[in-house]
Amino acid sequence: MDFSIRPANVEDCKDIARMIMELAEYEKMAEHVKVTQRDLEQDGFSKNPFFHGIIAEVPEQHRTKEGHTKIGYALYCYFYSSWVGRAVYMEDLYVMPEFRGKGIGKALMRKVAQLGLAAGCNQMNFTVLEWNKPSLDFYFSQGCFDITATVGYHCMRCEGEALERLAQP
Amino acid sequence: MCAAVNMNFKIRRATKEDCKDISRMIMELAVFEKMPDQVKTSHEELERDGFCQNPLFECLVAEVPEEHKSNEGFTIIGYGLYFYTYSTWKGRSLYLDDLYVMPEFRAQVSPPPVQASVTTAGGNGIGKALLSKVAEVGKKNQCVQLRLTVLNWNTPARDFYAAKGAQDLTVSSGWHFIHFTEQSLDDLVNEAPKD
């Protein structure tokens, strides 16, 4: 199947917001999504963006039943590791179910890796749910390591009231 | 060692001149985490990456006055290194890469023999002050989340963050941290599709 991979632009935010929700539904966490199309436009396409996006697009003749041609995305940021320096963090990688198995996910991930290496990154990191076997198998086949399983790193998060309390001087 | 009660310390933004101390403490933390061979950064790289026009990270340091300097003579005795990131669910976030206070400044008072201390505090509050300052910086920049990783065997750290309201997403939801090293990243990029 013919497809193209390109950097996202501000006009893609509507489709990115749609696919963020589809991915969250797959991960059984749709109620956690608070980010809107407008947030993505402001946070990703201003002078100092918080993230960068890559879009996978198919020609019109392959559009979905609902008429979408933007059928996958990757969203990434730059991390800094005090041990190795700049790293790329892939926040999301998603391909609509009917377009899987055609190398689109791998092409998206490769693009993020290319851009990361070009920006001087020495590592690429992301998180995956432990029950998401198709994703884990895919990532392991690309040469990744699960450093939660092997080294014991746990992902921690502080938000809401707890973060407010912490931020009080 | 007894706690130095009411130890005077301040938390401030790191300067380029602090990078030698930050580099020293990065290694101390890596030694504690049993991975010193993983540290590849030098203080020159920290100077370049953190103090250029578009810095890749920000850093806070904890400083004590001369009269409280460490056994080796250091007055920069803790740091918090963080950067801005993004959650597609919640929005702007901060990621805390490192939080460290030199052991002699954690100053845990031995619990009285009859009754265990109810908290891990009893130290000087330097770790908490660093963490709070990071959270404050995040709040000023409309960040709605603070993320970090902790090693599963590092019970004092896990207890510290849990006490501050952090959730362990690995335990609660099964999130695992996945990692491509430089070699496997190169392999991925070089494996170009045949057109």
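**Helix packing and a pocket in the predicted model**

The model is predicted, and local features need pLDDT of at least 70, side-chain atom pairs pLDDT 80 or more, whereas totals for chains, interfaces and linings use all residues. Residues are numbered from 1 along each chain, chains are lettered from A, and side-chain values use heavy atoms, without hydrogens and water.

Helix H3 (residues 104-118) of chain A and helix H7 (residues 182-190) of chain B cross at roughly 120°, and their axes come within 9 Å. The crossing is left-handed. In contact (heavy atoms within 4.5 Å), Lys106(A), Met109(A), Arg110(A), Ala113(A), Gln114(A) and Leu117(A) of H3(A) meet Leu185(B), Asp186(B), Leu188(B) and Val189(B) of H7(B). These residues comprise 6 nonpolar, 1 polar and 3 charged.

Within chain B, helix H1 (residues 19-32) packs with helix H2 (residues 43-50) at about 120°, the axes being 8 Å apart. This crossing of H1(B) and H2(B) is right-handed. Among the H1(B) residues that meet H2(B) are Ile22(B) and Ile26(B), and Leu46(B) is one of their counterparts in H2(B).

The second largest pocket has a volume of about 960 Å³. Of its 47 lining residues, Leu23(A), Glu27(A), Leu93(A), Thr127(A) and Tyr139(A) are the closest to its centre. Strand S4 (residues 85-95) of chain A gives the most to this lining, with 7 residues. The lining divides into 25 nonpolar, 13 polar and 9 charged residues.

How values were computed. Axes fitted to C-alpha atoms, helices over the stretch in contact; angles between N-to-C directions. Helix = DSSP H or I, 4+ residues; strand = E, 2+ residues; numbered from the N terminus. Left-handed = near helix turned anticlockwise from the far one by under 90°. 1 Å grid on protein atoms, 1.4 Å probe; cavity = no way out; pocket = protein on both sides within 12 Å on 5 of 7 lines; lining within 4 Å. Points joined across faces, edges and corners; volume = space filled by probe spheres on them. Nonpolar A, V, L, I, M, F, W, Y, C, P; charged D, E, K, R; others polar.
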